[in-house]
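Visitor: Please take a close look at the aromatic rings. How do they pair, and where do charges sit over them?

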Amino acid sequence: QLIARAQQVYGPDPSASPSTSLRTWLWTSLLGPFIISMTRGPADVLTVLLLARWAGCAANLQIAPLFETLDDLDAAPQILARLFSLDVYRAHLAGCGDEQMVMIGYSDSNKDGGYLSANWALYQAQENIARTCREHAPAIKLTLFHGRGGTVARGGGPANRAIAAQPPGTVNGRFRLTEQGEIIASRYADPDIAHRHLEQIVSAVLLASAPNTQYATRNTAAHSEWPDVTAAMSTAARAEYRNLVYETPGFMDYWRAATPIDEISRLHLGSRPAGRRSGGLQVLNIRAIPWVFSWMQSRFNLPGWYGLGTALISNLHAKRPISESLPRDMYAGWPFFNALIKNAEMSLVKADLDIAALYSDLVPDHALANGIFARIRAEYERTRDAVLAITGQSELMESETVIQRSVNRRNPYVDPLNYIQVEMLRRLRALPDPESLEADSLREVIVFTINGIAAGLKNTG
């Protein structure tokens, strides 16, 4: 009804007159597309179209399905193909200039399968979605809408590098992404930084869209074996991640005790609760933002790297092992893999397993804590060593001296906040009444530490 009212006031026809065109731009751009979270099938999109028709606002309404989990990303091309084969939906698209916006989610796919598996699934989904749009005549003009967050585990990192890492033929002058949380302040609070950031995005989109240029084509895997190798690594990484997070007995108890997730879920911030439905804080219903945020607060930063080391090592010992130089070749010659490794390196350098060990000590079941933490530390070391071998560095972020220096300068101020947070959590959990005035006082201190750690580490949500 709100969209219908906006159309009535500002006009639905962008071609009627210059003033009407401006008014239409206002309601279409400011209200934005109608995004369908957790799209599972064509019916989700058709239901919105039906409701829009009943409300009288279907004309020019851009309906954007959002594919978030690994299964949904895999099914996205088939869902779109079924939609495009329906006369009623093609007629709607014709009224929108044969333009289709598709949103892809980085957060839930990461929570579902881990860092490497999610990034590879997103890469393949974009290729297949773009192919589906090209194959349905008349060709549909696709705009991929990237649901990125601030942290690497939710699609964060340098925007220009992310654009360069997109599959060839998927940008085509159209690129939309979300900017959230502290990223808005860090990128747009200062006019000069905002101008530089927007210039980098526009430049990258133009270069990636220009036909027959080295920039536009270099993200194609130079060797036919590279995608197959990445797919095998993705399978290994997903198995390791799923085994830890979903299949290890007691892991959810470990997570709740070794991170401040309970305190984060109490915070009155954001537009949505920490969980999607009732049933407590479990991995299946926890939202990706508090999931990632809790691991970042406790300095594990687990969603931004876990499984990558196992994946790289597993290929060296596979039935058809890859050469030790192949990952280095992929890093040097394939922007997708380059961005994958560099972003993981960022996550690794911001993690601190010595501080994370203090949080692990908060777990009441010490046998459970020791077993899980030992596994996490071993994977961290595998991943760190593999990344250093691929990049040819002796320490993390050695080639990015500005970032390395920034992290090293911030840590002495952030680390004490972690020590304070651990102690406050220990005292809070020892109280006989978790809702007492003393508990409220402790939680107030914890909130201050949460804000301070987030501000100091950056790229946290």
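Guide: Rings of Phe, Tyr and Trp (its six-membered ring) pair if their centres lie within 6.5 Å; planes under 30 degrees apart count as stacked, over 60 as edge-to-face and the rest as tilted. By this rule there are 17 aromatic pairs. Take Phe 84 and Tyr 89: the ring centres are 6.5 Å apart and the planes meet at 25 degrees, so this pair is stacked. Phe 84 is buried, at 3% relative accessibility. Tyr 89 is buried too, at 1%. Buried means under 20% relative accessible area, with a 1.4 Å probe and protein chains only.

Next, Tyr 123 and Phe 336. Their ring centres lie 4.6 Å apart with planes at 45 degrees, so the pair is tilted. It links distant parts of the chain: Tyr 123 belongs to helix H7 (residues 115-135) and Phe 336 to helix H18 (residues 335-350), 213 residues apart. Helices are DSSP runs (H or I, at least four residues), numbered from the N terminus. Both Tyr 123 and Phe 336 are buried.

One aromatic cluster is formed by Phe 251, Tyr 254, Trp 255, Trp 291, Trp 295, Phe 300 and Phe 373.

Now the charges. A charge sits over a ring if NZ of Lys or CZ of Arg is within 6 Å of the ring centre and within 35 degrees of the ring normal. Arg 176 lies over the face of Phe 145, 4.8 Å from the ring centre.

The model is predicted: local features need pLDDT of at least 70, side-chain atom pairs count only at pLDDT 80 or more, and totals for chains, interfaces and linings use all residues. Residues are numbered from 1 along each chain as its sequence is written, and side-chain values use heavy atoms, leaving out hydrogens and water.

Notes. Buried < 20%, exposed > 50% of the residue type's maximum accessible area, 1.4 Å probe, protein only. Helix = DSSP H or I, 4+ residues; strand = E, 2+ residues; numbered from the N terminus.
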